[in-house]
Amino acid sequence: MDLSLLQRTYSDLLSSLFTEGILNQQFTELQQLQDENNPGFVYEVVSLFFDDAGRLINELGSNLNQQVVDYKKIDAHVHQLKGSSASIGAQRIRNVCQGFRDYCEANDPQGCFSCMQQLNQEFLTFKSKLETLFKVEQQIVASGGSVPMIQ
Amino acid sequence: MELELELEKEKGAEMEMEMGMRVLVVDDSPIDRKIVEGLLKRNGNGFFKVIAVDSGVKAMELLRLNKQKSEPESLASKEINIDIILTDYCMPDMTGYDLLRAVKEQNFSRTIPVVIMSSENEPQRISRCKADGAEDFILKPLQTNDVQKLRNYANRSAKPSKLKSGTKRKMTSQLELASAMNITEWKPHLSRVVMVLKSSRLDISPYFPVACKVVLLFYAMLCLNQLLHR
């Protein structure tokens, strides 16, 4: 594919992520930490998030399916997920976590289950879109071009 | 002379700090550890040397706060080369607050500033940490301007302290230095006196009983004289 087309695709993808509220300014901060000495920084951080968030969501699911639900344990996991999603700029995931914590505090099983479903959906969407973004980025780099940044 | 040496040592520590600041990052989140490390490296121009651990317990081990009874004293008292601690507040088993308290209870040769990070903006938590000696409480996620703050806190603790938490220990050590100096000044004089005494040929001990007897006899004669003349 043409380099300029790739770069335009990347810019459009990234813009849409911000417009849809999937990413926020914190992601831009991460991009600014990436340089020639650390070219894969954002990819590495987001990959860590994929693994960590995936693990936490699995644990949340199994904890919610227990006969006796330990809301404190669930809250601790959600708190962790909220923190890491905020750190990488995954805004919608972070917002769902905030609501999830409120339901945990209220020991509300229906609210928790609803948040769990939302969380699963948001995480899958986030993962899918970021993976596409990184694929395009890799193609740009392989073509010898520079990755456009959102100002 | 020794005071000058001490001042030079402090200067050296400051210069060493200028050459690089050793930051101990404590956070159970691998994402946050990576981001903080990236932030410090990117904004420090190689100034920060980052050591990252995933728990307060590991931080204690690194700082040698978990001294084993069997551990030899020489190993346990080895200088801890950390200039500043940056710790998350919420961690399992040992919180950042617990780590803060453990660090402040230690008598390190110099004060290690502790900065707490948290994603929660809780005023009570913040004031509690600051009351117990935290240099600052930074809200996550960390930003670029937070990096300069860390540099300032570590530089502040490296300089000769004014009246701060490390001052008492420093003043005590300075007083000890001064008294050691006094002793050092008098030492040559004392040693000269000792040398003279040692080199003297006069050996008093065998004559002492005889001298006592003479004194007693003289006193007895005086008393007798008094009686006779009454």
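**Salt bridges and secondary structure of the predicted two-chain model**

A:D75, A:K82, A:R101 and B:E120 are linked in a network of salt bridges, a salt bridge being a side-chain nitrogen of Lys or Arg within 4 Å of a carboxyl oxygen of Asp or Glu. The model is predicted, with local features requiring pLDDT of at least 70 and side-chain atom pairs counting only at pLDDT 80 or more, whereas totals for chains, interfaces and linings use all residues. Residues are numbered from 1 along each chain as its sequence is written, chains are lettered from A and ligands numbered from 1 in the order in which they are written, and side-chain values use heavy atoms, with hydrogens and water left out.

Over all chains, the structure holds 20 salt bridges. Helices (H or I, at least four residues) and strands (E, at least two) are DSSP runs, numbered from the N terminus. Both A:R101 and A:D75 are buried; buried denotes under 20% relative accessible area, exposed over 50%, and partly exposed the range in between (1.4 Å probe, protein chains only).

A salt bridge also forms between A:R55 and A:D52, whose closest N and O atoms are 2.8 Å apart. Both residues belong to helix α3 (residues 41–64) of chain A, where they are three residues apart, about one turn of the helix. A:D52 is classed as buried because its relative accessibility is 8%, while A:R55, at 36%, counts as partly exposed.

Chain A contains six helices and zero strands, and its pattern along the sequence is α-α-α-α-α-α. The C-alpha trace of chain A spans about 55 × 30 × 25 Å along its principal axes. Of its 151 residues, 43% count as buried. An unreviewed UniProt entry carries the annotation "domain: HPt" for residues 38–137 of chain A; UniProt positions are given in the numbering used here, feature names are shortened, and annotations may be inferred rather than shown by experiment. The span 38–137 of chain A is 86% helix and 0% strand, and its end C-alpha atoms lie 15 Å apart.

In chain B, strand β4 (residues 114–118) and strand β5 (residues 136–139) run parallel and are joined by four bridges; pairing requires that DSSP find at least two bridges between two strands. The chain passes from β4(B) through helix α6 (residues 123–131) of chain B to β5(B) in a right-handed β-α-β crossover, a handedness assigned if, with the strands pointing away from the viewer, the path from the first strand over the helix to the second runs clockwise. B:M117 has B:I138 in β5(B) as its bridge partner.

B:K140 forms a salt bridge with B:D32, the closest N and O atoms lying 2.8 Å apart. The two residues are 108 residues apart and link distant parts of the chain, B:K140 in the loop between β5 and α7 (144–158) of chain B and B:D32 in helix α2 (residues 30–44) of chain B. B:K140 and B:D32 are both buried.

B:L224, B:L227 and B:L228 make a nonpolar surface patch of about 350 Å². Patches comprise residues with over 30% relative accessible area and no salt bridge, like charges being joined within 9 Å and nonpolar side chains (Val, Leu, Ile, Met, Phe, Trp, Tyr) within 5 Å; accessible areas come from the Shrake-Rupley method with a 1.4 Å probe, and for residues only the protein chains shown count as cover. B:L224 lies in helix α9 (residues 208–228) of chain B and is exposed, with a relative accessible area of 51%.
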